[in-house]
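Okay, thanks for coming, everyone. Let me put the structure up on the screen and then walk you through a couple of parts of it.

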Amino acid sequence: MIFGKTINKYYLRYGLYFIVGIAALITVDLFQLEIPRISKELVDTLEAYVLAGNTDAGFLIDIVWRLLFITIFIVLGRFFWRFGIIGASRRIDYDLRNEMFSHSTKLSNRYYSEKKVGGLMAHFTNDLEAVRRAIGPGLIMFVDALFLGSLTFFRMFQLNVRMTMILVLPMIIITVLGLSLGTKMRKRFKESQKAFEDLSDFTQESFSGISVIKAFVKERTEIKEFLKSNQNAKDKNIAFVRIATILQVLVQTIVSLVFVLIIAYGAFLIESTRHLGAERFTLGDLVAFISYFGMLIWPMMALAMIINVRSQGKASLERIENILNEPIDIKDEDVVEVNEIKGNIEFKNLDFKYPDGDEKVLKNVSFSIKAGETVGILGRTGSGKTSIVDLLLRIYNIEANQLFIDGIDIMRLPFRKVREAIGYVPQDGFLFSDTIRNNITLGIEQDNIHMDKIESIAKLSDVHDNIIQFKQGYETIIGERGVTLSGGQKQRVSIARALAKEPPILIMDDSVSAVDTSTEEKILSNLRKIRKGKTTIMIAHRISTVKDADKIIVIDNGEVLDVGNHEELEERCELYKDMVRRQKLADVVEVN
C-alpha cells in the first residue's frame with residue numbers, strides 16, 4: 001500500500017469499501033486459522049482410535065460439518081474482500097485516470113512541446129496499473145502479512161515455543177533482504193518504466209509517420225532503431241526482474257529449508273515426548289504446526305512481494321505526480337465577465353517570446369481590426385504570423401495591456417469565452433478518427449444542427465461533392481488524423497468545422513494552401529457572402545488569398561512593416577511588391 005497527497009483523498013472517498021474488504025479479509029483469515037486445529041483434532045483422534053482398535057467413524061461427521069461451515073464463510077469472505085479492496089482499487093484507478101486526463105487538457109502548449117505523446121501514454125497505462133496493484137493487491141498482502149502472519153505465529157508459539165523460535169531468524173533475514181533490495185528494485189523499476197515510455201513514444205511516432213517512412217524507403221532504418229529501443233526496454237526490465245527474482249528465490253529457499261527443519265525437529269519431538277502423556281508433542285501437533293507454517297509461508301512471501309509491489313507503485317506514483325503537479329499556465333485571473341464578443345481587436349506595442357525561447361518572435365506589434373472587417377496577414381515563413389494567432393487564442397500568456405478584444409485586455413477575458421468566440425482553421429487541420437459529420441460539428445452541440453445545415457456548410461467550403469462520393473457519405477470514418485482524406489479535403493473539412501460555429505471571429509491560418517486557385521476563389525467568395533458583419537482574419541503566403549481584404553497587414557521578422565489595402569501596399573511596401581512579382585512569376589511558370 002502506498003500513500004501520497006495524490007491518492008490519500010481516494011482512500012477517504014472509498015473508505016467504506018476498504019473497511020468492508022479488510023473486515024472480510026480478517027474474517028477469512030480467522031476461519032482459515034481454525035483448519036489446522038481441526039486437522040490436529042482429526043489426526044489425534046484417528047491415532048487414538050487406531051491404537052484402541054475402534055472402527056467407529058461417527059466423529060468424522062461433526063468435523064465434516066465444521067469444515068463445510070468454514071468453507072462457506074471463506075468463500076463468502078473472499079467475495080467481499082475482493083469486492084471491497086480490489087473494487088476500491090479499480091475505482092481509484094478509474095478516478096485517477098480521469099483526474100490525470102482532466103489536468104492534462106488544461107496544460108499549455110509549452111508542456112506538450114516538451115513532452116512526447118507516446119511517453120505520456122505510458123503514464124496512463126503501465127504507471128497507473130502499478131499504482132493500482134500497490135493499492136489493491138498490495139493492501140491485501142499487507143493485511144495478510146500483518147494479521148494472518150502475527151496470529152499464525154502466535155498459534156504456532158502455543159503449540160511449541162522452541163519449534164516456533166526456529167522461524168524468528170529466517171523472518172529477520174527475509175525482512176533485511178527485502179529492505180536492502182527494495183531501494184534497488186524501485187530504482188530499476190523507474191528505469192524500466194522510462195524505457196517503456198521511450199519505446200511507446202518511438203512506436204507512436206513511427207506509426208504516425210508511416211507514409212513518410214515508406215516514401216523515403218526507411219523501413220529498415222526504423223526497424224533497426226526500434227530494435228535498439230526495444231532492446232533497451234528489455235534490458236531495463238530484465239535488470240528489474242533479476243533483483244525481484246533474486247529476492248523471491250532467496251525467500252523460497254529459506255522457507256524450504258525451514259520446512260525441512262520443522263519436519264525433522266517435529267519428528268524428534270514426537271519421539272522424545274511420548275512418555276509425557278498429555279504434555280507430549282503429538283502427531284496432530286506436528287500436522288497442525290506444518291499446516292500453520294504452510295499458512296505462514298504466504299505472509300512471509302508477501303513480505304517480499306509487498307516490497308516489490310510497493311517499490312513499483314511508489315516509483316509510478318512519482319511519475320504520475322509529475323503530471324498532476326505540473327502547473328496550469330493558462331488560467332483566468334481578475335476576469336471581466338462579458339455576454340458576447342463582437343470582434344474588435346487591437347495589438348498595442350506587443351512584444352512576445354515563447355516560454356522556452358530567448359529571442360522575441362513579435363516586436364512592438366501594433367495594429368487594429370474593427371468588428372466585421374476582413375483582414376489579411378501576409379509575411380514570409382517564420383515572420384511571426386502564427387504567433388499572432390496563438391496569442392489571439394490565449395494559448396500563451398502575455399504582458400497586460402498589449403492585446404485587446406472589444407476594448408478589454410485579453411488577459412482579463414475568460415479564456416474559454418475568447419476561444420468560443422473564435423473559429424480557427426490551422427494550416428495542418430487536425431481531424432479525429434471519427435465520422436466526417438462529427439468532425440464538422442465538433443465545435444457545437446450536435447443535437448442543435450440538422451443534416452441539411454451540415455451539407456450547406458460543407459458546400460460553402462466546397463467539400464460536399466467530395467464527401468458524397470464516399471460510400472458512407474458524411475458517416476464515413478476518416479481514420480487517424482484524417483488519413484483517408486487528401487490534404488485539400490482535410491483543409492476544407494477544417495474550414496467547414498470552423499464555419500459551423502458561426503463565430504464572431506474567424507481565423508484562417510494559410511488554410512487554403514492545399515487547394516487549387518479555382519477552389520480557393522470559390523471558398524473565398526462564399527466567405528465574403530456569409531461573413532459580412534463578422535471579423536475574418538486570413539493568414540496567407542499567396543497574394544490571391546488576401547488581395548480583396550479590407551486591409552492587409554504585412555509582417556516580417558516579427559515586426560509590422562505596413563498596413564493597407566492591396567493597391568496601397570503595391571504603391572509603398574517593397575516586401576509586398578516583391579511578393580506580388582514573385583506570385584505573378586510563379587503563376588506564369590505554372591501556366592507554361
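I'll talk about a pair of helices and then about a sheet. Keep in mind that what you see is a predicted model.

So, helices to begin with. Two packed helices are described by the angle between their axes and by the distance between those axes. Here, take helix 9, residues 168-208, and helix 11, residues 219-272: they pack at about 165°, and their axes are 9 Å apart. Angles over 145 degrees count as roughly antiparallel, so that's what helix 9 and helix 11 are to each other. As for handedness, helix 9 and helix 11 make a left-handed crossing. And what kinds of residues make up the contact of helix 9 with helix 11? We get 21 nonpolar ones, 8 polar and 7 charged.

Right, on to the sheet. This one is open, with 6 strands running in the order 6-7-8-3-9-10 and mixed pairing. Which strands stand at the edges? Those are strand 6, at 422-425, and strand 10, at 559-564; each has a single partner strand, so one side of each has no neighbour in the sheet. On average, neighbouring strands here are turned by 15° against each other, if you ignore direction.

Let's zoom in on one pairing. Strand 3, residues 374-379, goes with strand 8, residues 535-540, in the parallel sense, over 5 bridges. For instance, Val-375 has Ile-537 in strand 8 as its bridge partner.

Conventions: Residues are numbered from 1 along each chain as its sequence is written. This is a predicted model: local features need pLDDT of at least 70, side-chain atom pairs count only at pLDDT 80 or more; totals for chains, interfaces and linings use all residues. Side-chain values use heavy atoms; hydrogens and water are left out. Axes are lines fitted to C-alpha atoms, for helices over the stretch in contact, and angles run from 0 to 180 degrees between N-to-C directions. Helices (H or I, at least four residues) and strands (E, at least two) are DSSP runs, numbered from the N terminus. Angles under 35 degrees count as roughly parallel, over 145 as roughly antiparallel, 65 to 115 as roughly perpendicular and the rest as oblique. A crossing is left-handed if the near helix is turned anticlockwise from the far one by less than a right angle, and right-handed if clockwise. Ala, Val, Leu, Ile, Met, Phe, Trp, Tyr, Cys and Pro count as nonpolar, Asp, Glu, Lys and Arg as charged, and the others, Gly among them, as polar. Two strands pair if DSSP finds at least two bridges between them.
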